[in-house]
Amino acid sequence: MSVIEFQPKLAAERDHCPVLHVVYREGLGSVFEPMVVSPVTRLVRAGFPARIAVFCPIGEMVRPRLRKRWQGIERNIAVELDGSVHRLPSPPSRAMNAWNEAAYFQRWFDWHYPKPNSPVLLHCRGSHATHLGLGVRRNRDVKVIYDMRGVEHAEQLYVRNDLKSANNLEDLEATAARSSDAVICVSNRMKEFACGRYGIDAGKIAVAPCCVDMSAPDPMLARNANRLKLGITERFVVAYCGGAHSWQLPRQSTELFLKIQSAIPRAHYLVLTPAVEQLKHILQQLNVRSSDATVMNVPHDQVATHLAAADVGLLIRERSLINEVAAPVKFGEYLRSSLPVIISEGVGDYSQLVRSEQLGFVLDDHRDPSAFLTDYVANPIAWRDRCRRAAHEHLSSDLLVNSWMDLYRQLSL
């Protein structure tokens, strides 16, 4: 698939159907800006009249610390989206029935899209957002897209072990998949799951993985400067980019670093995480020397350049339904920064991509990464070039937005 070149509001594009991206309680999450704000900005530049409606827990609107975080997001919003990102109040977690979100959204939608016979596309991120979109569709000329970011009921069961809540969430997912006009899946494995589990036609599904902005300057340009700044110029740097959530396996990733260090004594562990204290505690428990690790939290716009200071990235996951259908954003961020990835077997479509295009090493029960590490040390430029090229070919934000626009055009016919 070729990379498209975006042009500001071409005349031929001005008659596109309006698109509203609906986001539910993810505004302060790590993916909101790269996976919602940035691609929607590209849609606007391509001529699509696009907006974002993001439901926010009421606390994000009144608590000073959370309000300050929103102010930072608003400062980063491009000129094209000024006035087009709308925050809608959502009840606090402890009182989710405090008001009727569906009725509120219906009134908000009718106010902003007052012509009942004018078509509108609702691009809904997740099952809750899709449920709200389906409610609006009952009374309007509206097409609803269910952007299926993960298997939410399995995630709920994993994190909270609450079978009743997981079953309710699966019912919501099934309704979203069956009742929407189109479904977006982040991997081919997820597409197979959705067809089999919910009985929907494969022709209704588009596959669009989590992507990264390849139009930004190459992070490798800052590699040497960052390595010097971090004091790791002579080290073989292993990167972990993520949080302290159990499903991200931070402890197992640290144990893998120690195995790498036994083969490469000059190895250094670069941990980029919002959970600095938790990760430091894990490192202390496993006796990682402070001189052999750097644990830090950096703004999202600096993640790529810090990753480029490393030599390989770790993406370790359990074998589970959650991970078998996933498309972790971190994978694209590693490749964008020219990092080969040591990845678990069975992570969405990515484990096979790593194997088929030589983008790192796939862990399984019968091999260790020693041969890969030896070859990387001998040929780092070849490995890095392949990774950067694969990010362009498979995970560019241009390709993501291109697939969205194709789907919007199909639904507008």
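**Charges and salt bridges**

At 33% relative accessibility, Arg189 counts as partly exposed (buried is under 20% relative accessible area, exposed over 50%, partly exposed in between, with a 1.4 Å probe and protein chains only). Keep in mind that this is a predicted model: local features need pLDDT of at least 70, side-chain atom pairs count only at pLDDT 80 or more, and totals for chains, interfaces and linings use all residues. Residues are numbered from 1 along each chain as its sequence is written, and side-chain values use heavy atoms, leaving out hydrogens and water.

**Salt bridges within helices**
- Arg189 pairs up with Glu192 in a salt bridge at 3.9 Å, N to O (a side-chain nitrogen of Lys or Arg within 4 Å of a carboxyl oxygen of Asp or Glu).
- These two sit about one helical turn apart because they are three residues apart in helix α8 (residues 188-198) (helices are DSSP runs of H or I, at least four residues; strands are E, at least two).
- Glu192 is exposed, at 53% relative accessible area.
- Arg409 and Asp406 also form a salt bridge, at 3.6 Å, N to O.
- Arg409 is partly exposed at 30%, and so is Asp406 at 38%.

- Glu80 and Arg45 meet in a salt bridge at 2.8 Å, N to O.
- That pair ties together distant parts of the chain, 35 residues apart: Glu80 is in the loop between α3 (64-76) and β3, and Arg45 is in helix α1 (residues 32-45).
- Glu80 is partly exposed at 33%, and Arg45 is partly exposed at 36%.

**Whole structure**
- Searching the whole structure turns up 20 salt bridges.
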